[in-house]
Amino acid sequence: WIPIVRAHARLYHLPPLSLFEKKNVSAIRSKDVGHLVQITGSIVRSGSTRMLEVARIFECGKCSQRFRVPSDRLENYAAKKPRRCLASVGCDSKRFTEFDVENTDYQELVLQEHSDTLSIGTVPRSIVVCCEDDLVDTATAGDTVVVVGQILVRWQPVHSEVRVDADMVLLANSIRTPGSSRHLLGALLSAEDRKHFTDFWQAQHRTLAARDTFIYSVCPDIYGRSVIE
């Protein structure tokens, strides 16, 4: 067997409740920090892909054990050196040597809410979406996407006698386009539906009239525009 070093559980289609599904960025509040939410919007800016340090591996100078120290997402992925050995309970050594570094791909997107979800005269708001690993380069500027992620508060660097600043960001768990689930339509068709389709198509000898019947049966909102259908 081959051990999987890094695996992710991607979540899609959260329950249509106000606790999980936000109609726009303006609906996100401070009480949502730490919670998983789903929001739809447009990507207005996509940052460049860069390498991000997600953890450091240290080796204790006393017990010779190795332990992993992850970077802090809440402080711009700052990696802090531990104060004592974390490999074993009885070891209190403060002497470490850096053994290895874990890196991953990282990208930031700016998601802007749709204007049709806002009242007249309201300026659309945006939120930064943090993408890691396989979510990098899954969306570009101009795409309409549905993002499921965790709301986090990211603190800016702290300086003496300067007011502390923090930004609310969305750590993406999954990113998809609204039409990306259409390929599942075939799996939703029952055997009876498939049989009706096959019998009708064969009975009409695959004529243009049979084709027109199918065309006129889809998208009733654009009835009369057969070319588009």
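This tour moves through a predicted model, selection by selection.

**The whole chain**

Begin with the chain in cartoon view. The chain holds 3 helices and 8 strands. Followed along the sequence, these elements give the pattern β-β-β-β-β-β-β-β-α-α-α. The chain has 229 residues, and 28% of them count as buried.

**The segment before β1**

Select Ser18, which lies in the segment before β1 (21-22). Ser18 counts as exposed, because its relative accessibility is 62% and the cut-off for exposed is over 50%.

**Salt bridges**

Side chains of opposite charge can pair when their charged atoms come close. In this model, the count of salt bridges comes to 9.

Select Asp32 and Lys22, whose side chains meet in a salt bridge with an N to O distance of 3.3 Å. Asp32 lies in the loop between β1 and β2 (36-46) and Lys22 lies in strand β1, so the pair ties together parts that are 10 residues apart in sequence. Are these two residues buried or exposed? Asp32 is buried, with a relative accessible area of 2%. Lys22 also counts as buried, at 8% relative accessibility.

Turn next to Arg73 and Glu132, which form a salt bridge of 3.1 Å, N to O. Arg73 is in the loop between β4 and β5, while Glu132 is in strand β6 (residues 126-132), so this pair ties together parts that are 59 residues apart in sequence. Arg73 is partly exposed, with a relative accessible area of 37%, whereas Glu132 counts as buried at 10%.

Now select Asp199 and Lys195, which form a salt bridge with their closest N and O atoms 2.9 Å apart. Asp199 counts as partly exposed at 37% relative accessibility, and Lys195 is exposed, with a relative accessible area of 52%. Then select Glu53, Arg56 and Glu98, which salt bridges with shared partners join into one network.

**The largest pocket**

Return to Arg73 and Glu132; together with His8, Val54 and Asp133, they lie nearest the centre of the largest pocket. About 400 Å³ of space lies in this pocket, and 22 residues line it. Which strand supplies the largest share of the lining? Strand β8 does, with 3 residues. At least two lining residues come from each of β4 (66-70), β5 (96-112), β7 (144-155) and β8 (166-176). By class, the lining has 9 nonpolar, 6 polar and 7 charged residues.

**The cavity**

The structure holds 1 cavity of 30 Å³ or more, and the space in the largest cavity is about 40 Å³. To display its lining, select Arg73, Tyr77, Cys130, Leu152, Arg154, Val169 and Leu171. Strands β7 and β8 each supply at least two residues of this lining. The lining of the largest cavity divides into 5 nonpolar, no polar and 2 charged residues.

**A nonpolar surface patch**

Finally, show the surface and select Leu74, Trp155, Val158 and Val164, which make a nonpolar patch of about 370 Å². Val164 is found in the loop between β7 and β8. Val164 is partly exposed, with a relative accessible area of 44%.

Terms used:
Residues are numbered from 1 along each chain as its sequence is written. This is a predicted model: local features need pLDDT of at least 70, side-chain atom pairs count only at pLDDT 80 or more; totals for chains, interfaces and linings use all residues. Side-chain values use heavy atoms; hydrogens and water are left out. On a 1 Å grid over the protein atoms alone, a cavity is a set of points where a 1.4 Å probe fits but cannot get out, and a pocket is an open set with protein on both sides within 12 Å along at least five of seven lines; lining residues have an atom within 4 Å of a point. Grid points are joined across faces, edges and corners, and a volume is the space filled by probe spheres set on the points. Helices (H or I, at least four residues) and strands (E, at least two) are DSSP runs, numbered from the N terminus. Ala, Val, Leu, Ile, Met, Phe, Trp, Tyr, Cys and Pro count as nonpolar, Asp, Glu, Lys and Arg as charged, and the others, Gly among them, as polar. Patches are made of residues with over 30% relative accessible area and no salt bridge: like charges are joined within 9 Å, nonpolar side chains (Val, Leu, Ile, Met, Phe, Trp, Tyr) within 5 Å. Accessible areas come from the Shrake-Rupley method with a 1.4 Å probe; for residues, only the protein chains shown count as cover. A salt bridge is a side-chain nitrogen of Lys or Arg within 4 Å of a carboxyl oxygen of Asp or Glu. Buried means under 20% relative accessible area, exposed over 50%, partly exposed in between (1.4 Å probe, protein chains only).
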